[in-house]
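Here is a short briefing on one protein model. Keep the sequence and the 3D view open as you read.

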Amino acid sequence: MSARSIKKIAVLGSGVMGSRIACHFANIGVEVILLDIVPKDAGTDKKSRNKIVDDALAFALKSNPSPIYRKSFSKRIITGNFDDNMKDIATCDWIIEVVIERLDIKKQVFEKVELYRKPGTLITSNTSGIPIHLMDEGRSEDFQKHFCGSHFFNPPRYLRLLEIIPTPKTSPEVVDFLMHYGELFLGKTTVLCKDTPAFIANRIGVFGIMSLFHLVEKMGLTIDEVDKLTGPVLGRPKSATFRTCDVVGLDTLVHVANGVAQSCPNDEAIESFKIPGFVAKMVENKWLGSKTEQGFFKKVKGKEGKSEIHSLDLKTLEYKPSVKAKFATLEITKSIDNLKDRMKVLLAGTDKAGEFYRASFYGLFAYVSSRIPEITDELYKIDSAMNAGFAWELGPFETWDALGVGETVKAMEGAGNKPAQWIYDMLASGATTFYKVENGNKKYYDIPTKSYKTIPGTESFILLDNIRGNKTVWKNSGATLTDIGDGIVNIEWNTKMNSIGAEVIEGINKAIEIAEKDFRGLVISNEGANFSAGANVAMIFMMAVEQEYDELNYAIKTFQNTMMRVRYSSIPVVVAPHNLALGGACEMSLHSDRVVAHAETYMGLVEFGVGLIPGGGGTKEFAVRLSDELQEGDIELNNFREGFLTIGQAKVSTSAYEAFDLGYLRKGKDVVVVSINRLLAEAKLNCIELAEAGYTMPAHRKDIRVLGKQALGLAYLGANSMLTGNYISEHDAKISQKLAWVLCGGDLSAPTLVSEQYLLDLEREAFLSLCGERKTLERLQSIISGGKILRN
């Protein structure tokens, strides 16, 4: 492995991509120099000369979603301009060019870079389409040796794809370093690409979109129908097709499509890259999407001045109110949670939806098979690029596997979409799938050798999907306990939104019981879209409506006891959350010995939003943490106020780093991992570390200092003031008072030391009393019927 390290980088160009790439490097602790041109009317002062770069960075930092994990991280970015500060790149380990997509301008920038860059420094371009080998012409041998393409996808923080595109002159050491660094430190899926037009992801993705445009015209489908058919039901983002086009910008899409059409005259699907009439007209009208405030969708003022989203009628090019699309095939799949099983039903549909799916997927399968070996020699790279760059849960070859390769080939032939010859050769060799799992490793079919090989770079990952089959220790209807090696087990669950119900509670208790007996540590993690949206509110609602308070009391007490089992067991328990970790999932994290969180963890105690307080030990745990950090006097009350507002305002972190600021994660104890693929492996290592350090069960706490009336009066006064000012409702005021009552330990006359159980009993009593409130029941019903996730 290379001894090279990255401490400081330069980003040349501060546009949408440049400023956000700078932010993501700042996210991981790297010092960044962000440079851009000097305005034509600039004076001699630094402020006017840096106006373009400063404005661009300020705009990026204000954007939503934020490109930065924590606001303070932006201090790692220093701004400057090409004229005054290009000399500063001599101090950098990596220089990334992100200027306008014009070869002549890029070459001018590289000429300046050559004047100041120290030998051995990495130099890469973020171009999305210009041939990489054309950029380093005329440059020094050392420049060429350390130069390649590094194509980030927008937004760089959230889209995991990083395409690495070397030239024939790029050093193999540089390629290996960037592939490893991108995955380990930047959290990317790094895909090694050939220097072909649009590389891999955009070549396949834009083909998919352009061919769909033509298919929509042919089938007479509406925008609303297509987005219904191509979104979450396929394991793809909610933005589906046309909303995605609006976000990306229709001009960008057309630019890439035209580029492929011009550069790839022998592409068998070149007709698909031709711009349809309705798209050409939209570009002419500058209906480019979000950037021009109208594209395939447009926000308009409806009745009573309320905003409405209208969609474009592709035949008349008039905007009309969006119409909810319905298809019989989609109705059938509503109960099918497994995406691979759902795919079979979707393509077998006998209605217009089924016809659409067969036409689009058969065309896609034929196209990707024919891109090998043009754009890559290995099929897994196409899937990896689409998974990470377009957020497809299943890539083209993974989808093809789910449908059955052999039978799908026959159907494709009947539809006039014959795949490439290597597909027939593969089937003739006896290989019937593109992927298979052996000994916990996912392997891909290697075309030249007609054998299966382990996907490079995945050896250090622990993926439950790959080992669950023969490493299951115990399971019930919702939870599975898996042996992940070295004396560590992992408990996961697979429920709707990964909510925590009775079967999950049973699973956690059973996992701890088995781990205490036969293993040395437990990890709680899963590979769902979200770690968990929290407790099963439907169960709480039903018990509350039926006024089954004894049963509800028992359920809440069981939840509390389970969280205390997480805290007090003879083996270390590590929780590894990612994405949503709300309500009960946050409480679980609060009670663990250590949290190993993915950087993109959105954690919070959100119960206030449904008219409750955290009832699974979350309120108690905040009281414990306040006690541990309390100081006498005003600081003590200020800390109490912050903790009270965190729960009372249902604050959710926008990253794992922000979770430290909100008190959900503990400084010096909990850990953040940027690479989602390494999350479970890192959690396991942390669990082993705790076990080998001689882990012993902590003593139950009876020394929690609560403030009693001193802080209770302050909280009540604040709630009443908010109520009087019409900032909160009477019900919100009541919840605030209940929350304060628990955090303060009741109306004790003076600060007092209490036990955890004392606080848990107060918490449960307050939770149960709020469950009987009509306003709480109305909020719970609204959440259940609307399928909403509570976030601030």
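Is glutamine 294 buried or exposed? Glutamine 294 counts as buried, because its relative accessibility is 16% (buried means under 20% relative accessible area, exposed over 50%, and partly exposed in between, with a 1.4 Å probe and protein chains only).

This is a predicted model, so local features need pLDDT of at least 70 and side-chain atom pairs count only at pLDDT 80 or more, while totals for chains, interfaces and linings use all residues. Residues are numbered from 1 along each chain as its sequence is written, and side-chain values use heavy atoms, with hydrogens and water left out.

**Glutamine 294**

- Glutamine 294 sits in the loop between helix H12 (277-284) and strand S9 (297-301). Helices (H or I, at least four residues) and strands (E, at least two) are DSSP runs, numbered from the N terminus.
- The side chain of glutamine 294 makes a polar contact with the side chain of tyrosine 319, at 3.2 Å. A polar contact is a pair of N or O atoms within 3.5 Å; within protein, one must be able to donate a hydrogen and the other to accept it, and residues adjacent in sequence count only if both atoms are side-chain atoms.
- Not counting residues up to four places away in sequence, glutamine 294 touches Trp287, Leu288, Gly289 and Tyr319. Contact means heavy atoms within 4.5 Å.

- Arginine 520 lies in the loop between helix H21 (502-518) and strand S18 (521-524). Arginine 520 is partly exposed, with a relative accessible area of 31%.
- The side chain of arginine 520 makes a polar contact with the side chain of glutamate 692, at 3.2 Å.
- Leaving aside neighbours within four places in sequence, the contacts of arginine 520 include Asp486, Ile571 and Glu692.
- Lysine 344 belongs to helix H14 (residues 339-347). Lysine 344 counts as partly exposed, at 44% relative accessibility.
- Lysine 344 touches Ala402 and Leu403, not counting residues up to four places away in sequence.

**Aromatic pairs**

- The whole structure holds 34 aromatic pairs. Rings of Phe, Tyr and Trp (its six-membered ring) pair if their centres lie within 6.5 Å; planes under 30 degrees apart count as stacked, over 60 as edge-to-face and the rest as tilted.
- Phenylalanine 153 and phenylalanine 390 have ring centres 6.3 Å apart and planes at 65°, so this pair is edge-to-face.
- The pair links distant parts of the chain, 237 residues apart. Phenylalanine 153 is in the loop between strand S6 (147-152) and strand S7 (161-166), and phenylalanine 390 is in the loop between helix H16 (379-389) and helix H17 (396-403). Both phenylalanine 153 and phenylalanine 390 are buried.
- Phenylalanine 397 and tryptophan 422 form a tilted pair, 6.0 Å centre to centre with 50° between the planes.
- Phenylalanine 397 lies in helix H17 and tryptophan 422 in helix H19 (residues 421-428), so the pair ties together parts 25 residues apart in sequence.
- Phenylalanine 397 counts as buried at 0% relative accessibility, and tryptophan 422 counts as buried at 9%.
- Ring pairs join Phe356, Tyr357, Phe361, Phe365, Phe397, Trp400, Trp422 and Phe434 into a cluster.

**Backbone features**

- Most residues other than glycine have a negative phi, and most peptide bonds are trans.
- The peptide bond from asparagine 64 to proline 65 is cis, with omega near 5°. Proline 65 is in the loop between helix H3 (51-62) and strand S3 (77-81).
- Asparagine 154 and proline 155 are also joined by a cis peptide bond, with omega about 0°. Proline 155 is in the loop between S6 and S7.
- Alanine 198 is not a glycine, yet has a positive phi of about 65°. Alanine 198 is placed in the loop between strand S8 (189-192) and helix H8 (201-219), and is buried, with a relative accessible area of 5%.
- Methionine 497 has a positive phi near 55°. Methionine 497 is in the loop between strand S17 (488-493) and H21, and counts as partly exposed at 37% relative accessibility.
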